[in-house]
Every structure is written in structure tokens, then in C-alpha cells.
Amino acid sequence: MTSGRSVLVVEDEQTERDALARLLRMEQYRVFTARDPEEALEYLDGEVGLVISDVRIGNASGIELLRMWRRRRPHTPFIMATAYGDVDSAVAAMKLGAEDYLTKPVDPEALLLLVRRTIARQEVTSPDRQKGSAAAPGVRILGQSAVMIDVLERVRRAAQTSSLVLILGESGTGKELIASAIHAQSRRSIGPYVAVNIAALPENLVEAELFGHVPGAFTGAERDRIGRFEAADGGTLFIDEIGDFPLAAQAKLLRVLDNLAVNPVGSNEERRVDVRLVAATSRNLAELVARGNFREDLFYRLNVLTIELPPLRDRHDDIPLLMDAFLAEACRKYQRPWPTMSPELIRFMLAYDWPGNVRQLRNAIENMVVMSNGRSLSLDDLPAYLSGNSSLLAKAFDRGGNNLRDIERTAILSVLERCGGNRTHAAEALGISVRTLQRKLKAWGLGGNQTELDVS
């Protein structure tokens, strides 16, 4: 388990401390607990990815804990819990770098939303995560929808084997990330991970690129060169867009997969390789076989373990999580402040089908962060091909229905989720009072007031 899923709860009241720990463990977080700052600091050198601390810990101060912790671990996010009448202390904590705060009694749903959002942002922005991305390239796969949970479980199972894996999915769904995750979680993770995109190679160079060549094999081949199969020896070779593999070279690929040996172009020498192959395609291989553009025997050889990635339109529940991650990534990359989004923009982002999938969503958010003039984003800040297409905007908004109450409900709940369930922050973003927000939530059966934390 990565440190990002590890949470330290600092609370002097044992009943509240135990309740918080049970709640987080039910959500599969690894939980440590401490009853005072002194005990909390014992975890400084451990695997703590998030600290949840009371502002007042008996006679001690959670703010002082934050100050001491950040001297050694400046990138660990803190969430502060405070009594309703002591919000000024929480604000002071945020000025020192705390991620956010919640008022007591803590709303369990609001806490979990804030924890998920904080950890998702930390996965992208933490320098420790960035340093570790090469060794564990699968850690940035984000998804909490049922279909993505199933995909990640299939990744885990596939990684435990040495079998060939075929990844299917539309362009932009993240096939290379899945291939990287399979390698990172496998016993071959200490070996090389080599990737090649067949669609990006000239057809006459595919064989030389994969299998290598000897001097004089063709014009321009002046020295011996190993191919991608040999470069991946002892590790994993990822062949992307294998549906574009030249028909004339497919027999040679099939032989390599069967014999685990390559013959460089222009040579009769056979070189043994120990490679686990992961292939991916956005094309329908069965249709290519039927048209005679793909060998049937190679199709069956590739089709051992299959992982199919859903398009983003089939996993709309993941869009808020992805939006936060990509916003954090873009703001860090371009050193921009974290922007707010208008309710209309949020509703569009959640309703749009994103035909370019995750890649398109990421690019759209990066475009908005770079090109906007301020800290607030609206529909006008969308890339021109989206903001200037009135029929596309209308279609996306119509999908949620034209009922004004439904539009308002969608916008408010989206903003509330993006604010980690914090009603004060959501009301500010929406431009309404907290009392108005609570009244609307109560009318929708979602509770206008925070309730006691009770997970017993």
C-alpha cells in the first residue's frame, strides 16, 4: 500500500479518534492514530500521506503540530477539524499550509469527499510522487467508478502472471498507463519497460525497430542495432496500436512470440529474449481479421488476457476526480493559482461525452489554466472548438434535462463535491449564503445540517 493511502488521525478524545479511524478503514485507508502532537511526531519518518488533526488537542495545539511537521515533511497535506466557534484558528492553519478544514461535529460524507480529493491531488502534485513515477508508473491511474475498479482489479490479476496481455480501448483512454501499471506491479518491475507505437513508425522500418538490424541490412544501416525486443530483455515490451502492424511482418512477430527469439534484419543469427509482451489497440482486431488485414493466428496468439478500457462517456463518475488531478497538474506545471469554476462550466464538463476521452479532458483543462485571465473559469474559457460550438453546448446541457431545478441541483452538487463537501466553501463559490445552501440540500433530502459522526 502506498503512503498516499495512509492517514494519521490526531485527536485527544478517544471516542472521536476511534470513530474516525473506523470510518477511514471502512474505505480501505491505512490508518494510524495519535492522541497528542508528541505521539503524532513519532510518525514523521513513516508512511503517512495525509494528517487529519484537531485544531485543539487537549492542552496542545494542532497548529503547532502542523508547523513542526512541515519543517521535516513540507508536502504532507493536513486537514484540520475545529469547533464551530473556533474557525479563525482553522483559517490560521490554512495560512500555514493546511489543505482545508472541517467544523465539528464532523460530517462523515464531507470528510471522505475531502480525503479523496486531497489524496487525488497529492498523487499528482507531491514531489515524492513525481520522483517515484518512473519506478511505479501505474500510480497515476485515477478512477472510482465501478467500471474502473473492475479494470484495476484485472490489472492486478494480470500483473501476477507472465501471460501476454491485450489492452483494448478508444484513443485517449489511457492504454499505455495500464501497460505501465502491469509492468510496475509485476515481478519484472526491476527490469526495463520499453514502449513502441507502431502507428508512429514507417512501415518499412517496423521490423528493424522491433527486431534490430546488422550493418548493411538496408540503405542507411551502417552499424549493428538491437531492437526493442532485445532492449526489453528481462522486462516488459509494450507495443501500442498493434492493429497497425504491417501484414507482411506479422508472421515474423508471431514466430518471435512463439519462440522468444529474434532474428535481426539482415542476419541469420537467432538471439534469445526473455520478454513479457503487452499490446494495445484502438482498432477492432476481429474486423481486421475478417477483412484479411490481420492474421487470424496472430490474433488468437495475442488474445490471451484481455483488458478493455471504457471510454470516458461510460465513466462520468470519474470526471470530478480527473478534473481535480489535471487542474493540480496544470497549476503546478505553469505555476498558476488554483481556479474556481462556474456552475455552468462544471455542469458542461460533467455532461459532455469527451470523444477524445481522458486525453481530451486533460488537454482542455490545461488549455483553460494557461489561457484564462483570472482565478475563475467559465464556459467562455473552454477551448474555442468547444466554447464556439453552440449546438455541442446545447446537446451537453440537454442531456441533464431542461428542468431548472435539475440544472440547479446538478450545479450545486458538483460544486459541493469539488469543495470536498465543505458547505461554507461551496456557498462562497456559488455566490449564495450557507443558510440558502443548507435549505436547498434539505429540500433534496440530503440534510441541511451537519450530523454527528457515527460509524459504530
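1. Start with Leu210. Setting aside residues up to four places away in sequence, Leu210 touches Val196, Ile198, Gly227, Arg228, Phe229, Ile239 and Phe245. Keep in mind throughout that this is a predicted model.

2. Where does Leu210 belong? Leu210 sits in the largest nonpolar core, which has 31 residues. Leu210, Phe229, Leu237 and Leu302 have the most contacts inside this core. Several elements give two or more residues to the core, among them strand 9 (193-197), helix 9 (206-211) and strand 10 (236-240). Helix 11 (250-259) and helix 13 (296-302) are also on that list. The largest share comes from helix 11, with four residues.

3. There is a second core. This core is separate and has 28 residues. Its members include Ile319, Leu345, Leu350 and Trp354.

4. Go back to helix 11 and look at Gln250, which is found there. Is Gln250 buried or exposed? Its relative accessible area is 0%, and buried means under 20%, so Gln250 is buried. Beyond its neighbours within four places in sequence, Gln250 is in contact with Phe245, Asn293, Phe294, Arg295 and Leu298. Phe245 is a partner of Leu210 too.

5. Now take helix 14, residues 319-334. Check its length. At 1.5 Å a residue, its 16 residues should span 22 Å.

6. How many of the 16 residues of helix 14 are buried? The count is 13, so helix 14 is largely enclosed by the rest of the structure.

7. Helix 14 packs against helix 16 (residues 357-371). Two packed helices are described by the angle between their axes and the distance between the axes. Here the angle is about 45°, and the axes are 9 Å apart. Helix 14 and helix 16 are therefore oblique to each other. Their crossing is right-handed.

8. Which residues make this packing? From helix 14, the residues include Leu322, Met323, Phe326, Leu327 and Ala330. They meet a set in helix 16 that includes Val358, Leu361, Ile365 and Val369. Glu329 and Lys333 of helix 14 also take part, as do Arg362 and Glu366 of helix 16.

9. Last, the whole chain. The secondary structure comes to 21 helices and 16 strands. Of the 456 residues, 49% count as buried. Take the contacts between residues at least 6 apart in sequence: 70% of them join residues at least 24 apart.

Definitions and conventions
Residues numbered from 1 in each chain as written. Predicted model: local features only at pLDDT ≥ 70, side-chain atom pairs only at ≥ 80, totals over all residues. Heavy atoms only, no water. Core = buried A, V, L, I, M, F, W, Y, C linked by side-chain atoms within 4.5 Å. Buried < 20%, exposed > 50% of the residue type's maximum accessible area, 1.4 Å probe, protein only. Contact = heavy atoms within 4.5 Å. Expected span 1.5 Å × (residues − 1). Axes fitted to C-alpha atoms, helices over the stretch in contact; angles between N-to-C directions. Parallel < 35°, antiparallel > 145°, perpendicular 65-115°, else oblique. Left-handed = near helix turned anticlockwise from the far one by under 90°.
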